[in-house]
Amino acid sequence: LLHHPSNKAAYFKAGELLRTDGRYAFRFSVDGKPQGTYPFEVKGGRIQFQGRQIREKTDPMIAIVDYLSGGRYTSWWIKRE
């Protein structure tokens with residue numbers, strides 16, 4: 001669960017984020033210490049794939065190892081800056 005940036009007592013819901021296209025970033029901290037920034041883009045109500053997740057732009061010999069798909073749920077992997 002993620003806490004809302006303007007209200008630490010409220011939880012941030014995915015629907016809030018996915019309703020507006022744009023570039024975003026998650027910034028995580030543990031015990032007040034920064035752990036990294038994870039940039040991503042939302043378009044058409046979906047988080048966009050990046051890097052090797054984009055099959056059309058990835059060498060199939062690499063994608064077969066690194067591309068994650070299928071299963072019951074869709075997952076997105078966001079690379080840390």
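Which residue in E4 does Phe26 stand opposite? I put this to the predicted model before anything else. I found Tyr38 across from Phe26.

**Entry 1: overview**

I started with the fold. I listed two helices and five strands in the protein chain. Read from the N terminus, the order is β-β-α-β-β-β-α.

I then checked burial. The protein chain has 81 residues, and 12% of them count as buried. I noted an accessible surface of about 7,000 Å² for the protein chain. Carbon and sulfur atoms hold 53% of that surface.

I also looked at contact range. I took the contacts in the protein chain with a separation of 6 or more, and 34% of them join residues 24 or more positions apart.

**Entry 2: confidence**

I looked up the pLDDT next. The mean for the protein chain is 76. I see at least 70 for 73% of the residues.

Which element has the lowest mean pLDDT, and which the highest? Helix H2, residues 60-66, has the lowest, at 59. Strand E4 has the highest, at 90. I keep a reminder here that low pLDDT means the predicted coordinates should not be read in detail.

**Entry 3**

I traced the pairing. Three strands make an open sheet, ordered E3-E4-E5, with antiparallel pairing. E3 and E5 (46-47) are the edge strands, and each of them pairs on one side only.

How many bridges join E3 and E4? I counted nine, in the antiparallel sense, with E3 spanning residues 22-30. E4 covers residues 33-43. One of the bridges sets Val30 against Lys33 in E4.

**Entry 4: the turn**

I followed the chain from E3 into E4. The two strands form a hairpin with two residues between them. Asp31 sits in that loop.

I checked the backbone of Asp31. Its phi is positive, about 55°, although Asp31 is not a glycine. I set this against the general rule: most residues other than glycine have a negative phi.

Is Asp31 buried or exposed? I get a relative accessible area of 76% for Asp31, so the residue is exposed, the cut-off being over 50%.

**Entry 5: aromatic rings**

I searched for ring pairs. The count is four aromatic pairs. I opened the pair of Phe26 and Phe40. The ring centres lie 5.0 Å apart and the planes meet at 20°, so I log the pair as stacked. The cut-off for stacking is under 30 degrees.

I widened the view to the cluster. Tyr24, Phe26, Phe28, Tyr38 and Phe40 form one aromatic cluster.

**Entry 6: Lys43**

Which residues does Lys43 touch, leaving aside its neighbours within four places in sequence? I found contacts with Asp21 and Gln48.

I also took a C-alpha distance. Lys43 and Leu18 are 8.0 Å apart in space, C-alpha to C-alpha. In sequence, 25 residues separate Lys43 and Leu18.

How values were computed
Residues numbered from 1 in each chain as written. Predicted model: local features only at pLDDT ≥ 70, side-chain atom pairs only at ≥ 80, totals over all residues. Heavy atoms only, no water. Helix = DSSP H or I, 4+ residues; strand = E, 2+ residues; numbered from the N terminus. Buried < 20%, exposed > 50% of the residue type's maximum accessible area, 1.4 Å probe, protein only. Contact = heavy atoms within 4.5 Å. Areas by Shrake-Rupley, 256 points an atom, 1.4 Å probe, with all protein chains shown as cover. Pairing = 2+ DSSP bridges. pLDDT = per-residue confidence, 0-100. Phe/Tyr/Trp six-rings, centres within 6.5 Å; stacked < 30°, edge-to-face > 60°.
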